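Hello,

Here is the structure I said I would pass on. My notes are below it.

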Amino acid sequence: MAALGSFNRLFNFATNTCVKRILPTSTNKQYYLGLKLRQIEVAGYATRKQPVRYKLPWFKPNPSYQEEIPEEYEEKKEKAAADVINKINEQIATNQVGRLFAVIYLCGTQFKITENDVIAIEGHWPPQPGDQLNLEKVLLVGGKDFTLIGRPILNRELVSVNATVIQKTLSHTITRFRMRPRKQFKRINFIRIPRTMLRINSITINGNVDKKKEVEGLDRIY
Amino acid sequence: MVFLTAQLFVRSRGPDEFWRKRQIFKLAAHYIGRKRNCYSIAIRNVHRALLKATRGRQLKKQDMRELWETRLNGATHEHNISLKILLEGLNRCNILLNRKSLANLAIWEPRTFKCLSDIACAKAKLGGIKRVANNSMPETVMIKGLVDELD
């Protein structure tokens, strides 16, 4: 009996405290819409509620990509950079670049190519044999003593990569066989993937590396 | 052909037994022993081989990716950084070369690759990556162009 009494008291205490807490806020809001109007602040500073960010000692702060220029940076380095660019321009002007290589993005894949290469492109690709192409997505071009790196691609008027479609064929027959043992499931398909051969005719760098043209894309008609 | 009963229709499926078996035996021609001569054993092995060939085409792509990663790891450790730093640094510079072309450059154009790894190292250092904290700033990198333009 004593136990039941104590339990009853505890229950009363719990209900009193909880109900008091719940009533004025949540329950009233739900049932009496008039109360809501009173709570609206007519005048006052607009304050945005900051989301609470829980921080624990082992949490790392978010990486910031905003970077500062280190103090070591000097005019000397700027001059050195200008010298390098001048040398590259000189090499291009006097045609001392050697055999150029390039990394191009073509048909979803990247190829490292040089002049007179033949590359094989797999999958459906519209160009027909005999088409002359100008490959414009050039990620990187390198010569004997320098490399131009695109971020992500180089200016399409700076580098021109010319190519010709040689041949359109199919690959060898690929057997695609699926089977589940003891489940009476067996499928066999034969696939031949279309393949295009592309000859790289020339890779050239046009004009100075650091020069920025005022008007671009005049050669292109849409 | 006239099929008088459903039973006969079921029995007459496909090409003749001889040709059906010959198809399998052709594929098993280079096997050794009973695998090559007994049909019931041959077909088991042919099926298994074809399944493996189908799966192998996917595996080859994964293997190549692993191979490029291994090669790049070796190449980057020559320049005192790791593959993760290289990829992270280049991505932050918006240089979107993939593993295949990077591995190709590492093998055939080592000087180009050295430049790329220097750029990545410098970018990682400026970004405050802990792994390269002890590396010295590559002297060949002119930093001004690397800094992101503030919007």
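This is a predicted model: local features need pLDDT of at least 70, side-chain atom pairs count only at pLDDT 80 or more; totals for chains, interfaces and linings use all residues.

In chain B, helix α4 (residues 39-78) and helix α6 (residues 99-108) have axes that come within 9 Å and cross at roughly 45 degrees. Angles from 65 to 115 degrees count as roughly perpendicular and those under 35 as roughly parallel, so α4(B) and α6(B) are oblique to each other. Their crossing is left-handed. On the α4(B) side the contact is made by B:Arg65, B:Trp68, B:Glu69, B:Arg71, B:Leu72 and B:Ala75, and on the α6(B) side by B:Arg99, B:Lys100, B:Leu102, B:Ala103 and B:Ala106. Six of these contact residues are nonpolar, five are charged and none is polar.

The largest nonpolar core has 44 residues, and those touching the most other members are A:Ala102, A:Ile104, A:Val138, A:Val141, A:Val161 and B:Ala120. Helix α7 (residues 110-126) of chain B gives the most to this core, with eight residues.

Now the backbone of chain A. The peptide bond from A:Arg151 to A:Pro152 is cis, with omega near -10 degrees; A:Pro152 is in the loop between β6 (147-149) and β7 (159-170).

A:Cys107 is not a glycine, yet has a positive phi of about 60 degrees. A:Cys107 lies in the loop between β1 (101-106) and β2 (109-114) and counts as partly exposed, with 15 C-beta neighbours inside 10 Å.

A:Gln184 also has a positive phi, near 55 degrees. A:Gln184 is exposed, with 7 other C-beta atoms within 10 Å.

Regards

How values were computed. Residues are numbered from 1 along each chain as its sequence is written. Chains are lettered from A and ligands numbered from 1 in the order in which they are written. Axes are lines fitted to C-alpha atoms, for helices over the stretch in contact, and angles run from 0 to 180 degrees between N-to-C directions. Helices (H or I, at least four residues) and strands (E, at least two) are DSSP runs, numbered from the N terminus. Angles under 35 degrees count as roughly parallel, over 145 as roughly antiparallel, 65 to 115 as roughly perpendicular and the rest as oblique. A crossing is left-handed if the near helix is turned anticlockwise from the far one by less than a right angle, and right-handed if clockwise. Two residues are in contact if their C-beta atoms, placed from the backbone, lie within 7 Å. Ala, Val, Leu, Ile, Met, Phe, Trp, Tyr, Cys and Pro count as nonpolar, Asp, Glu, Lys and Arg as charged, and the others, Gly among them, as polar. A nonpolar core is a set of buried Ala, Val, Leu, Ile, Met, Phe, Trp, Tyr and Cys residues joined through C-beta atoms within 7 Å. A residue is buried if 20 or more other C-beta atoms lie within 10 Å of its own, exposed if 12 or fewer, and partly exposed in between; C-beta atoms are placed from the backbone.
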